[in-house]
Amino acid sequence: MTLAQAATFVSTASENAAVSKKIEPTPTVTISASGSQAQHHTRKTLTRSELAQRIANGEVLVLHRRRIYKLDKWSKLHPGGELAILHFVGRDATDEIEAYHSDAALESMKRYHIADLDPSDWEGLHGEGYKPLVPPVQLGYREGRLDHPHAQLSTWRTRKGGKRGQEVANEKDGMVKDESGTSHNDVMDPAERPSGFPLPVSLLEPPPNPPQINPKRERAISEAYREMHEEIKRSGLYALRPAGYVRECSRYLALASMAFYFWWKGKALGSESAADVAWLLSFWMTKQNFYFLLSSFFLGLFWHQLTFTAHDAGHSGITHSHSIDRAIGVLIADFIGGLSIGWWCDNHDVHHLVTNHPEHDPDIQHMPFFAISPEFLVSTPTRTTTRAGGDRKEGGRAVNDHRQDGGGDDGEKEEIEEEEEEEEEGGHDVPLGLWSSYYRRILAFDSASRFFLRFQHRLYYVVMSLGRFNLYANSYGFLALKARRDRWLLLETVGLLVFWTWFGGLLASLPSWRMRLAYLMVSHVTTSPLHVQIVLSHFAQSSEDLGLSECFASRQIRTTMDVKCDPNLDFVHGGLHMQVTHHLFPRLPRHNLREARDRYVKPFAQKWGLSYDEYGFVSGNGKVLDTLSQVAGQVELLVKVARAQAKGELH
């Protein structure tokens, strides 16, 4: 750190500390058992600038209908995961909070209410509403420090650079302005990023909204969404339909019984003579093997269907009680399916809140196998080489261009698939990629990614057929390294032990290792339509970041697609074909989604001119393959250009 940087850091820290001391919060409100409030002191009102100062000092402050919640401690205990809160620090999270929480939970949140936002900041200068701040986690900061030198680097690179005049804080709107009165965003070079809190307040200012985002219109859509939500509540659609789950459980019991029946038939046959080959399907399959494979097929169907109820339970969409629904989820996912409902909730809740954002949504982060956006095609050097003339070589994003940034000079080796040869030349780019705020690692755009991504549209169904094995890896990695050490972890651990006891015993009962392998693969591949169904609603949709002013409803409808389906076949998709409505109202019981969609969501989208995308299952898959093919074509182009550069054919 230079002396100038150190002086700036000390100055920022002292200023932020002074402001924080000046606006220390009043005691929190106490809530009686009946839900009534007893307010001992007049609650403070904070301006947007004061709110930004406190966030820059590391406080976790979230807005809900002008109320400011202080969630520093609660974020670590939040059932939906810490990231679900961190992504809304400094933002109005009213729509998200009310979509994901029951009335009782909303009432209990008032204990964290420390202040109200100044009315003028809440309304905005021209009625456009509150201007959000950038959550520190979206700038790469976690737990008081910079998560990684490349954390959210693309966010920093989109910020304006250049030397500013003397900056003065505007108390009214919180924007940082220079002497001319022109508003600016952060001016720091990524190499000069603060290593931790306190942050310069100017860093929390969002970049300008893209042309398609009108904050005043987004506020109106948000208010209309809340009205629609209240209408859905009044209509009784949050009430459980027991008959729906009676049908589901009957189906589950039938599939499980068939799996057991054919396993029992196979065991009853015992060893068969070699003369009994070619009984039905092939020259090597005996009756016994055929029964075992039928058993594995029905077990796979059982798992496939059962997962939909685990999904309902993970959203508290069955009883609306977090504890009861979580217990149901553990029973289904862990005891019966061998997966972690805790991992799924932690992952899936973030997906719902930052849907299709390349840097933040774990459900579209599948490198090296899939990339649905050119945003993933990032190459940044971990070390530099000196060019002729003394310039340093810099890496950059290679997207929709015929060369990589920083490439093309004589004597440089940038051959993508020959990195070992480049090391011998004395300096090369080590391909990195986007930093995932969920996985807290780089989604490497490396040689493996370049290979698989070139063929991702051809390998799509092959990779998806093995998706359940990836769920095992994610589940067990989460439980071992990330899960809270609480009662749910203990219950899940017991559940997984029970699963591998019964499923391992089932495999051990089979007559040969070949049959065991076949049973394992058939049962797991049979579940693969689930993985196709999961990604179908998002892979072909927009992954563009339209900024923090885009409201919840607009973002969910833009990034999500529905699948046309006959009502009699709703059980096949388990509600995943009505994802737009589910994303808008994630706690809504599955069997009420169709009515909510037809009565409320479709008319809402039409009224506000929001593009509501709905395709058949086949045409929807075609859109996914087209998306993958387009990105694959760009990767192929990058590989060809890199080869030409390495051969000196491009200058």
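Which helices do the buried residues of α15 pack against? They pack against α14 (447-454), α16 (467-481), α18 (513-525), α19 (528-536) and α24 (617-646). This is a predicted model, where local features need pLDDT of at least 70, side-chain atom pairs count only at pLDDT 80 or more, and totals for chains, interfaces and linings use all residues. Residues are numbered from 1 along each chain as its sequence is written, and side-chain values use heavy atoms, with hydrogens and water left out.

**Helix α15**
- Helix α15 covers residues 456-465, and its buried residues are Gln456, Tyr460, Met464 and Ser465.
- Here, buried means under 20% relative accessible area, exposed means over 50%, and partly exposed is in between (1.4 Å probe, protein chains only).
- Helices are DSSP runs of H or I with at least four residues, strands are runs of E with at least two, and both are numbered from the N terminus.

**Where α10 meets α12**
- The axes of helix α10 (residues 287-314) and helix α12 (residues 341-353) come within 10 Å and cross at roughly 60 degrees.
- That angle makes α10 oblique to α12; under 35 degrees counts as roughly parallel, over 145 as roughly antiparallel, 65 to 115 as roughly perpendicular, and the rest as oblique.
- Axes are lines fitted to C-alpha atoms, for helices over the stretch in contact, with angles from 0 to 180 degrees between N-to-C directions.
- On the α10 side, the contact is made by Ala310, His311 and Gly314, and on the α12 side by Ile341, Trp344, Cys345 and His348.
- Contact means heavy atoms within 4.5 Å.
- Sorted by type, the residues of this contact are 4 nonpolar, 3 polar and no charged; Ala, Val, Leu, Ile, Met, Phe, Trp, Tyr, Cys and Pro count as nonpolar, Asp, Glu, Lys and Arg as charged, and the others, Gly among them, as polar.

**A look at Ala313**
- Ala313 sits in helix α10 and counts as buried, at 3% relative accessibility.
- Setting aside neighbours within four places in sequence, Ala313 touches Ile318, Asp325, Ile328 and Gly329.
- Ala313 and Asp325 are 12 residues apart in sequence, yet 4.7 Å apart in space, C-alpha to C-alpha.

**The four-stranded sheet**
- An open sheet of 4 strands runs in the order β3-β6-β5-β4, with mixed pairing.
- β3 (44-46) and β4 (61-64) are at the edges with a single partner strand each, so one side of each has no neighbour in the sheet.
- From one strand to the next, the twist averages 40 degrees.
- β4 pairs with β5 (residues 67-70) in the antiparallel sense over 4 bridges, and His64 stands opposite Arg67 in β5.
- Two strands pair if DSSP finds at least two bridges between them.
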